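Subject: Structure handover

Dear colleague,

Please find the structure below. My notes on its salt bridges, nonpolar cores and pocket follow.

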Amino acid sequence: MKEIASMHHVTFSYELAEEEPPDVQSKALDDVSFTLYEGEWLAVVGHNGSGKSTLAKLLIGLLFPSSGEVNLFLEHLTEDNLWETRSRMGIVFQNPDNQFVGSTVQDDVAFALENNGVPHEVMVKRVHEALEQVKMTDYINHEPHHLSGGQKQRVGIAGALALQPELLILDEATSMLDPQGREEVIEIVKKLRSEIGLTVLSITHDLEEVLLADRVLVMNEGKVLMTGTPEEIFQKGAELESIGLDLPFALRVSEFLREADVDIQGNHMTEEELVNELWTFHFSK
């Protein structure tokens with residue numbers, strides 16, 4: 001499999017306030033290593049302060065490691081190749097308002113393309129294609145700040161997609177949305193993965209995002225606590241809860257029913273799986 005992004009023994013420390021001893025530093029990441037492969041969806045989870053945001057900033061070159069190596073597209077990320085590397089990534093942040101620079105939706109989606117010197121006729125085509133992918137063509141001349149939260153994130157994703165990225169990074173991109181907005185964004189990402197095999201790295205608290213990922217990387221106190229498929233990770237429920245993470249609703253209900261002596265087979269990750277078994281259980285009696 002083709003490697004898209006990786007970290008190798010990455011450590012990053014923030015210097016503390018001036019009143020602290022000069023040799024005291026806050027280690028946000030501590031010897032972190034992982035690899036993301038082409039076409040894969042990797043979800044990064046952890047409680048606040050676990051190092052997720054720092055990891056994202058290192059991947060997009062807003063920070064550089066104190067030690068270790070960050071690689072993107074098989075090249076070591078440096079200040080010299082930062083802008084070229086970023087042109088191959090699409091990035092959607094937590095608060096879409098912080099990303100808007102254009103007076104209209106189409107201006108905003110076109111902004112990064114203009115910066116990258118994309119010819120006008122190509123830029124127009126890409127803007128329309130990207131907005132069509134996220135079902136926002138009807139809003140092409142609207143002001144971004146007048147859109148709903150879910151619509152704003154659709155525009156943010158369109159801006160990323162217009163770059164035709166090899167890697168889409170979602171940094172808590174659904175955390176400020178209502179349930180409908182979250183569902184809209186997640187459905188768009190699912191569709192793009194099935195249609196063009198987009199590689200996705202999502203920093204998230206949203207369990208629905210986690211369940212859709214191919215692999216999960218769990219962060220705790222700046223370190224990689226565990227990695228695995230969603231099923232493998234959520235089987236370690238007690239350990240996850242001990243570091244402040246939730247479990248999927250269906251999994252918690254399954255455990256509750258077993259404690260109540262209801263014959264539930266397996267650990268159900270989704271409500272649909274649980275409902276199907278309960279339906280079968282009920283009518284088999």
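**Salt bridges**

E40 is buried, with a relative accessible area of 10% (buried means under 20%, exposed over 50%, partly exposed in between; 1.4 Å probe, protein chains only). This is a predicted model, in which local features need pLDDT of at least 70, side-chain atom pairs count only at pLDDT 80 or more, and totals for chains, interfaces and linings use all residues. Residues are numbered from 1 along each chain as its sequence is written, and side-chain values use heavy atoms, with hydrogens and water left out.

E40 meets R215 in a salt bridge, 2.5 Å from N to O (a side-chain nitrogen of Lys or Arg within 4 Å of a carboxyl oxygen of Asp or Glu). R215 is in strand β9 and E40 in the loop between β2 and β3, 175 residues apart; helices (H or I, at least four residues) and strands (E, at least two) are DSSP runs, numbered from the N terminus. R215 is partly exposed at 23% relative accessibility.

The whole structure has nine salt bridges. Another of them joins K223 and D30, with the closest N and O atoms 3.6 Å apart. K223 belongs to strand β10 (residues 223–228) and D30 to strand β2 (residues 25–37), so this pair ties together parts 193 residues apart in sequence. K223 is partly exposed at 43%, and D30 is partly exposed at 22%.

**Nonpolar cores**

A nonpolar core here is a set of buried Ala, Val, Leu, Ile, Met, Phe, Trp, Tyr and Cys residues joined through side-chain atoms within 4.5 Å. The largest has 47 residues, and V109, L131, V218 and L240 have the most contacts inside it. Helix α5 gives the most to this core, six residues. A second, separate core has 31 residues, including L42, L82, L167 and L217.

**Largest pocket**

The largest pocket holds about 690 Å³ of space. A pocket is an open set of points on a 1 Å grid over the protein atoms alone, where a 1.4 Å probe fits, with protein on both sides within 12 Å along at least five of seven lines; lining residues have an atom within 4 Å of a point. There are 23 lining residues, and I91, Q99, F111, A112 and L163 are the closest to the centre. Helix α3 gives the most to the lining, with five residues. The lining divides into 13 nonpolar, eight polar and two charged residues (Ala, Val, Leu, Ile, Met, Phe, Trp, Tyr, Cys and Pro count as nonpolar, Asp, Glu, Lys and Arg as charged, the others, Gly among them, as polar).

Regards

Notes:
Points joined across faces, edges and corners; volume = space filled by probe spheres on them.
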